[in-house]
Amino acid sequence: AAGQRGGRVVDPNSLHLALLQSLANRTPLNPGQRDLVTAMATSDRRLMLAIAPAGTGKTTAMRVLGTAWTESGGTVIGLAPSAAAAKALADQLEVPCDTLAKLTWSLDHPEQPTPAWMAAIGPRSLIIIDEAGMADTLSLDRAIAEVMIRGGSVRLVGDDRQLSAI
């Protein structure tokens, strides 16, 4: 999946405005965060990964990425391995967020109503999976595959030193 290209990219003006907005909102990004946002916004790679220790501002950077993505006409959805992490992500990104388990359960039960956020995943979608290091491999693989099938892009964010539950 990491080798797939042809994904949606953010136009330079939307990226620049999102970076300026973070300054105006008194949440300026440090040079590493700016580089991360720029790389993830302007790459046509369908899957990208950001690894950094807890507390380094990954979620803050994803908020700016999400702003740039939506300002350029895309949609953003957040996923996380736990309900608490999904809630924290929703509070930061201010976009629909849910658990990886909800996505995989919905895929396994097509006879049940699909969540609106899931039905909206398409070529203009950016799916940010937070705490990716805590996610189980099968759920992560299933989520990435589904987003790829629908034409969307995925950005994984996490700390490789954190371990998922057994």
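Biologist: In which strand does Val154 lie?
Modeller: This is a predicted model, so what follows describes a prediction. The element that holds Val154 covers residues 153–158. That element is strand 5.

Biologist: Is Val154 buried or exposed?
Modeller: A residue counts as buried when its relative accessible area is under 20%. Val154 has a relative accessible area of 1%. Because this value falls under the cut-off, Val154 is buried.

Biologist: Which residues is Val154 in contact with, leaving aside its neighbours within four places in sequence?
Modeller: One of them is Leu47, which is 107 residues away along the chain. Even so, the C-alpha atoms of Val154 and Leu47 are separated by 4.8 Å. With the sequence neighbours within four places left aside, the contacts of Val154 are Arg46, Leu47, Met48, Ile127, Ile129, Ile144 and Val147.

Biologist: Which residues touch the most other members of the largest nonpolar core?
Modeller: The core has 24 residues. At least two of its residues come from each of helix 1, helix 2, strand 1, helix 3, helix 4 and strand 4. The members that touch the most others are Leu15, Val37, Met62, Leu65 and Ile128.

Biologist: What does Ile128 touch, not counting residues up to four places away in sequence?
Modeller: Ile128 is among the core members that touch the most others. Setting aside residues up to four places away in sequence, Ile128 touches Met62, Val76, Ile77, Gly78, Leu79, Leu89, Leu93, Arg155 and Val157.

Biologist: How many residues are in the other core, apart from this one?
Modeller: Its members include Trp117, Ile127, Ile144 and Val147. Of these, Ile127, Ile144 and Val147 are also in contact with Val154. The number of residues in this other core is 20.

Biologist: Is Thr104 buried or exposed?
Modeller: Thr104 is found in helix 5, residues 100–108. Not counting residues up to four places away in sequence, Thr104 touches Ser139 and Arg142. Its relative accessibility is 12%, and the limit for a buried residue is under 20%. Thr104 is therefore buried.

Biologist: Is Leu23 buried or exposed?
Modeller: Leu23 sits in helix 1. Together with Leu17 and Leu20, Leu23 forms a nonpolar surface patch with about 290 Å² of accessible area. Its relative accessible area is 51%, and because exposed means over 50%, Leu23 is exposed.

Biologist: Which residue forms a salt bridge with Asp44?
Modeller: Side chains of opposite charge can pair when their charged atoms come close. Asp44 is in the loop between helix 2 and strand 1, and its partner, 39 residues apart, is in the segment before helix 1. The closest N and O atoms of the pair are 2.8 Å apart. The partner is Arg5.

Biologist: In which helix do Asp91 and Lys87 lie?
Modeller: The side chains of Asp91 and Lys87 meet in a salt bridge, at 2.7 Å from N to O. The two residues are four residues apart, about one turn of the helix. Both lie in helix 4.

Biologist: Is Glu146 buried or exposed?
Modeller: Glu146 meets Arg150 in a salt bridge, at 2.7 Å from N to O. Arg150, at 24% relative accessibility, counts as partly exposed. Glu146 has a relative accessible area of 16% and is buried.

Notes: Residues are numbered from 1 along each chain as its sequence is written. This is a predicted model: local features need pLDDT of at least 70, side-chain atom pairs count only at pLDDT 80 or more; totals for chains, interfaces and linings use all residues. Side-chain values use heavy atoms; hydrogens and water are left out. A nonpolar core is a set of buried Ala, Val, Leu, Ile, Met, Phe, Trp, Tyr and Cys residues joined through side-chain atoms within 4.5 Å. Buried means under 20% relative accessible area, exposed over 50%, partly exposed in between (1.4 Å probe, protein chains only). Contact means heavy atoms within 4.5 Å. Patches are made of residues with over 30% relative accessible area and no salt bridge: like charges are joined within 9 Å, nonpolar side chains (Val, Leu, Ile, Met, Phe, Trp, Tyr) within 5 Å. Accessible areas come from the Shrake-Rupley method with a 1.4 Å probe; for residues, only the protein chains shown count as cover. A salt bridge is a side-chain nitrogen of Lys or Arg within 4 Å of a carboxyl oxygen of Asp or Glu.
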